[in-house]
Amino acid sequence: MTHPLDNPVWHALGGPLARLGHADRGDRVRRFDPEVSIFGAVDALDASAWQALAESTGIGGAVFLFRDQVASPPRGWKEIYRAPTLQMVAGEIAETPEIAIEALGEDDLEEMLALTKLTEPGPFLPRTRELGTYVGVRRGGQLVAMAGERFQLEGWSEISAVCTHPDARRQGLGAGLTLWMARQIRARGDKAFLHVVEENENARLLYEAIGFTLRRKVDVVAA
């Protein structure tokens with residue numbers, strides 16, 4: 001048995017986030033709706049799974065995978081992106097600093113899209129906010145920092161889209177929002193986890209400093 005976090009997209013789309021995606025090829029392939037997230041998943045990444053992905057994607061299409069290990073795609077596929085990524089889970093986390101945090105919703109979408117476009121914390125699409133709770137911090141009425149949830153599966157919730165406007169960095173906003181989200185996730189009985197690109201050492205050190213520990217490496221691959 002593999003751990004659900006080894007294949008979080010598969011388990012999210014087979015559980016709490018099933019309403020935001022669809023299954024294809026007799027449930028061999030699961031995908032988020034394209035305005036929610038770019039990612040898709042298969043259970044076991046073997047030859048038949050690549051064939052099912054090819055049939056689901058179609059000629060000229062692309063598949064984005066986020067899972068434990070993704071070997072080089074087989075013949076007929078072309079790898080177009082790969083990002084070795086660290087998966088971290090919340091341990092003994094620090095206290096949440098006193099920050100004025102507010103809930104974000106439909107009325108804030110334009111600002112959320114603008115902030116994520118500027119800071120590039122990862123794919124953030126017009127319906128990504130439907131994946132879970134999103135919160136932010138404002139300065140002078142402007143949204144300058146935010147964080148939210150992405151992959152939710154039974155017993156676990158991923159903290160994602162953590163970003164801060166360049167003019168508001170080094171104020172502890174990203175750390176504060178991450179800790180606030182982690183405590184909210186724990187309060188409802190789930191465990192918090194997050195991902196950081198392996199080469200982003202500054203982010204890794206920050207998350208370690210506030211109480212997150214490395215669980216394993218995962219691959220983010222587009223083909």
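**View 1. Who lines the largest cavity.** The lining of the largest cavity in this predicted model splits into four nonpolar residues, three polar and one charged. Here Ala, Val, Leu, Ile, Met, Phe, Trp, Tyr, Cys and Pro count as nonpolar, Asp, Glu, Lys and Arg as charged, and the others, Gly among them, as polar. Look for T116, P121, G122, P123, F124, R150, S160 and A161 around the space. A cavity is a set of points on a 1 Å grid over the protein atoms alone where a 1.4 Å probe fits but cannot get out, and lining residues have an atom within 4 Å of a point. Its volume is about 30 Å³, taken as the space filled by probe spheres set on the points, which are joined across faces, edges and corners. The count is one cavity of 30 Å³ or more.

**View 2. The open sheet.** Eight strands run in the order β4-β11-β5-β10-β9-β8-β7-β6, with mixed pairing. At the edges sit β4 and β6 (102-103), each pairing on one side only. Strands are DSSP runs (E, at least two residues), numbered from the N terminus, and two of them pair if DSSP finds at least two bridges between them.

**View 3. Around β11.** Strand β4 (residues 64-67) pairs with β11 (residues 212-222) in the antiparallel sense over four bridges, with F66 bridged to V220. Strand β5 (residues 81-90) is also antiparallel to β11, over 10 bridges; R82 partners V221 and L86 stands opposite K217.

**Notes.** Residue numbers start from 1 along each chain as its sequence is written. Local features need pLDDT of at least 70 and side-chain atom pairs pLDDT 80 or more, while totals for chains, interfaces and linings use all residues, and side-chain values use heavy atoms, leaving out hydrogens and water.

Technical notes:
1 Å grid on protein atoms, 1.4 Å probe; cavity = no way out; pocket = protein on both sides within 12 Å on 5 of 7 lines; lining within 4 Å.
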